[in-house]
Amino acid sequence: MTQVENFGFGTQIRKSPYFDATVRWGAKAFSVYNHMYIPRDFGDPEQNFWNLVNDAILCDVAVERQVEITGSDAAKFTQMLTPRDLSSMSVGQCRYILITNSEGGILNDPILLRLAENHFWISLADSDVLLWAQGVAVHSGLDVKITEPDVSPLQLQGPKSGEIMRELFGERILELKYYWLREVELDGIPLVVSRTGWSSELGYELYLRDESQGDALWERIMAVGQSFDLKPGHTSSIRRIEGGMLSYHADADIHTNPYELGLDRLVNLDMKAEFIGKAALRRIKDEGVNRKQVGLIIDCDPFAGPNTTFLTINKGGDAIGKVTSAVYSPRLQHNIALAMVDISYDVIGTEVEVVTVSGPVRATVTERPFFDPKKQIVAV
């Protein structure tokens, strides 16, 4: 984190098209994600959570860089990158995918957008997939072009986001279904709008296609949103952990495979198409995994904020895993966490010990997501 008065990261860290606007609207601190500044503090994080779940927030997520794949073999190449079967993916559709390496490890868990038959965007979590994709393309023998386009997303999230979108784009925008996209303009500003987001709430992502208009787009949305109690905000650790959403580098990394995370649905070993990691994932599935991700309820005083280190989990004096993401949920009135544990201890109701900064405390393995497990909020 750095205070906005002290931009100490140097010119190698890029500022988003919305950077100045976020500072004007109260951003107090930033961190780095995909080599860019991302606002992480607009004041009280608990108030940010309530703003999100009760009304709406606007978040600068231009750090979700796009890997653009075009060319006559773009569809075939994109399938090479992911174990999820894309054969039924329509133009105008989005998919949550995993990108795996040859050992079955997860390199990224992005949203894939299909803008045309051979035109894809991979909307990234925090890792250098542009370089990976360009490297894969070099010896693929396929007709593809891999670039980073001039695209900078915003997230408009929360129960009132649909009303704000209607004011901005008209009634027809409400016809946009969950995980679908539409190319639109707003006052001449070129956009792609999708019904997606990193909040587990009703929400939209607005992909700006002209960085010179970032300030104008931010101010236009905030002006329309004022009558709906729209607030500037940042992606909420509280809400995303409640929803069991992964944070790359925390809950998953290159040493984590889909089966450990319970993401079997994103792996199709039976499709004819080849993809990187297919043999390794088949072996992992056949042999089984020795650890699994679980949810935890941690019994201690409310955490002051999200964990900044992995917390050791013990059982009977032995280390059996680690807490990867933890936070206090004011709605659930519990400390909740995502954790990776030895497969022997992934049974709901198992009691374990978590070593916090204040000492060891009791925790109980529970189901995840912690809230709205059937995603009824986002899929309306």
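# A tour of the predicted model

With 380 residues, a compact globule would have a radius of gyration near 21 Å; this protein has 21 Å, so the value agrees with that expectation. The model is a predicted one.

**Stop 1: the whole chain**

Start with everything displayed. The C-alpha trace spans about 65 × 50 × 45 Å along its principal axes. Switch to a cartoon: the protein has eight helices and 22 strands. Now show the surface. Its accessible area comes to about 16300 Å², and carbon and sulfur atoms hold 49% of that. Of the 380 residues, 54% count as buried.

Colour by charge next. There are 37 positive and 51 negative charges, and their mean positions lie 4 Å apart. Then turn to contacts. Among those between residues at least 6 apart in sequence, 66% join residues at least 24 apart.

**Stop 2: helix H3 and its cover**

Select residues 74-81, helix H3. Which residues of H3 are buried? They are Ala-74, Phe-77, Thr-78, Gln-79 and Leu-81.

**Stop 3: strand S5**

How many of its five residues are buried? Four are, and S5 is mostly covered. Follow its pairings next. S5 and S10 run antiparallel over five bridges. Select Thr-70 to find one of the pairs: its bridge partner in S10 is His-119. S5 also pairs with S11, in the antiparallel sense and over three bridges. Select Glu-68 there; Thr-147 of S11 stands opposite.

**Stop 4: Tyr-37**

Move to strand S3, residues 36-41, and pick Tyr-37. Is Tyr-37 buried or exposed? Its relative accessible area is 2%, so Tyr-37 is buried. Draw a distance from Tyr-37 to Glu-103, 66 residues away along the chain. Their C-alpha atoms are separated by 31 Å.

**Stop 5: His-234**

Jump to the loop between strand S16 (230-233) and helix H7 (237-242). His-234 sits in this loop. Its relative accessible area is 8%, and because the cut-off for buried is under 20%, His-234 counts as buried. What does His-234 touch beyond residues up to four places away in sequence? Select Pro-39, Arg-40, Asp-41, Phe-42, Pro-45, Asn-48, Ile-57 and Cys-59.

**Stop 6: Glu-242**

Follow the chain into helix H7 and select Glu-242. Its relative accessibility is 0%, so this residue counts as buried. Show its contacts, leaving aside neighbours within four places in sequence. They are Phe-49, Ser-329, Arg-331, Leu-332, Ile-336, Pro-369, Phe-370 and Phe-371. Now draw a distance to Thr-308. Glu-242 and Thr-308 are 66 residues apart along the chain, with their C-alpha atoms separated by 18 Å.

**Stop 7**

Select residues 311-315 and 318-329, strands S18 and S19. They pair in the antiparallel sense over five bridges. Thr-312 has Lys-322 of S19 as its bridge partner. The two strands form a hairpin with two residues between them. Zoom in on the turn: Gly-316 has a positive phi of about 60 degrees.

Look for Val-323, whose bridge partner in S20 is Ala-339. S19 and S20 make a hairpin too, with four residues between them. In its turn, Gln-333 has a positive phi of about 55 degrees.

**Stop 8**

Finish with strand S22, residues 359-366. How many bridges join S22 to strand S17? Five do, and S17 (residues 291-299) runs antiparallel to S22. Select Leu-296 to see one of the pairs; its bridge partner in S22 is Val-365.

Now bring in S21, residues 351-356. S21 and S22 pair over six bridges, again in the antiparallel sense. Val-355 has Pro-360 of S22 as its bridge partner.

Definitions and conventions:
Residues are numbered from 1 along each chain as its sequence is written. This is a predicted model: local features need pLDDT of at least 70, side-chain atom pairs count only at pLDDT 80 or more; totals for chains, interfaces and linings use all residues. Side-chain values use heavy atoms; hydrogens and water are left out. The radius of gyration is taken over C-alpha atoms; the globule rule is 2.2 Å times the number of residues to the power 0.38. Buried means under 20% relative accessible area, exposed over 50%, partly exposed in between (1.4 Å probe, protein chains only). Contact means heavy atoms within 4.5 Å. Accessible areas come from the Shrake-Rupley method with a 1.4 Å probe; for residues, only the protein chains shown count as cover. Lys and Arg count as positive and Asp and Glu as negative; His and the chain ends are not counted. The place of a charge is taken as NZ of Lys, CZ of Arg, CG of Asp or CD of Glu. Two strands pair if DSSP finds at least two bridges between them.
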